[in-house]
Amino acid sequence: MAKFVVTVRFPDFFDEEFIALIPEHRHLINELIEANVVEAYAISANRTRGWITMNGSSEEAIRTTVEQFPLYRFFLQVEIDELFVFDSTASRFPRISLN
């Protein structure tokens, strides 16, 4: 299974319709995290961009999943890049504590 990073751009201002969809969007993201489809989910402090690290068989499969996000219609831009290297503390063995 390949790893991809999805970069999304949000509108500068969120209307009531956008805000109302946030709980449903977060619920789906949490389900995808539990299913190991989404590995990491981050939104910039100014809330204009987001980065989602995802596992999938192809760019098309990732795009199909992203298009199911409740907030998808508000995304101004979506970029999908397959990763060659993805290293993080989460993918390593836990540190040993001698306590």
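T48 is buried, at 14% relative accessible area (buried means under 20%, exposed over 50%, partly exposed in between, with a 1.4 Å probe and protein chains only). T48 sits in the loop between β2 (38–43) and β3, and F74, in the loop between α2 and β4, is buried too. Keep in mind that this is a predicted model, where local features need pLDDT of at least 70, side-chain atom pairs count only at pLDDT 80 or more, and totals for chains, interfaces and linings use all residues. Residues are numbered from 1 along each chain as its sequence is written, and side-chain values use heavy atoms, with hydrogens and water left out.

- Not counting residues up to four places away in sequence, T48 touches V8, R9, F10 and D12 (contact means heavy atoms within 4.5 Å).
- F74 has a relative accessible area of 14%.
- Leaving aside neighbours within four places in sequence, F74 is in contact with R9, P11, D15, E17, F18 and L21.
- F74 and M54 are 20 residues apart in sequence, and their C-alpha atoms are 20 Å apart in space.

**Fold layout**

- The protein chain has two helices and four strands (DSSP runs numbered from the N terminus: helices are H or I with at least four residues, strands are E with at least two).
- Along the sequence, the pattern reads β-α-β-β-α-β.
- Take the contacts between residues at least 6 apart in sequence: 69% of them join residues at least 24 apart.

**Helix α2 and its packing**

- Helix α2 covers residues 59–66, and its buried residues are I62, T65 and V66.
- Looking down the axis of α2, these buried residues fall within an arc of 100 degrees, so they line one face of the helix (the arc is that of the directions from the helix axis to the C-beta atoms).
- The buried residues of α2 pack against β1 (2–9), α1 (16–34), β3 (49–56) and β4 (77–82).

**Whole-chain numbers**

- Of the 99 residues in the protein chain, 32% are buried.
- Along the principal axes, the C-alpha atoms fill a box of roughly 50 × 35 × 20 Å.
- The accessible surface comes to about 7,100 Å², and 53% of that belongs to carbon and sulfur atoms (Shrake-Rupley method, 1.4 Å probe; for residues, only the protein chains shown count as cover).
- There are 9 positive and 15 negative side chains (Lys and Arg positive, Asp and Glu negative, His and chain ends not counted).
- The centres of those two charge sets lie 8 Å apart, with each charge placed at NZ of Lys, CZ of Arg, CG of Asp or CD of Glu.
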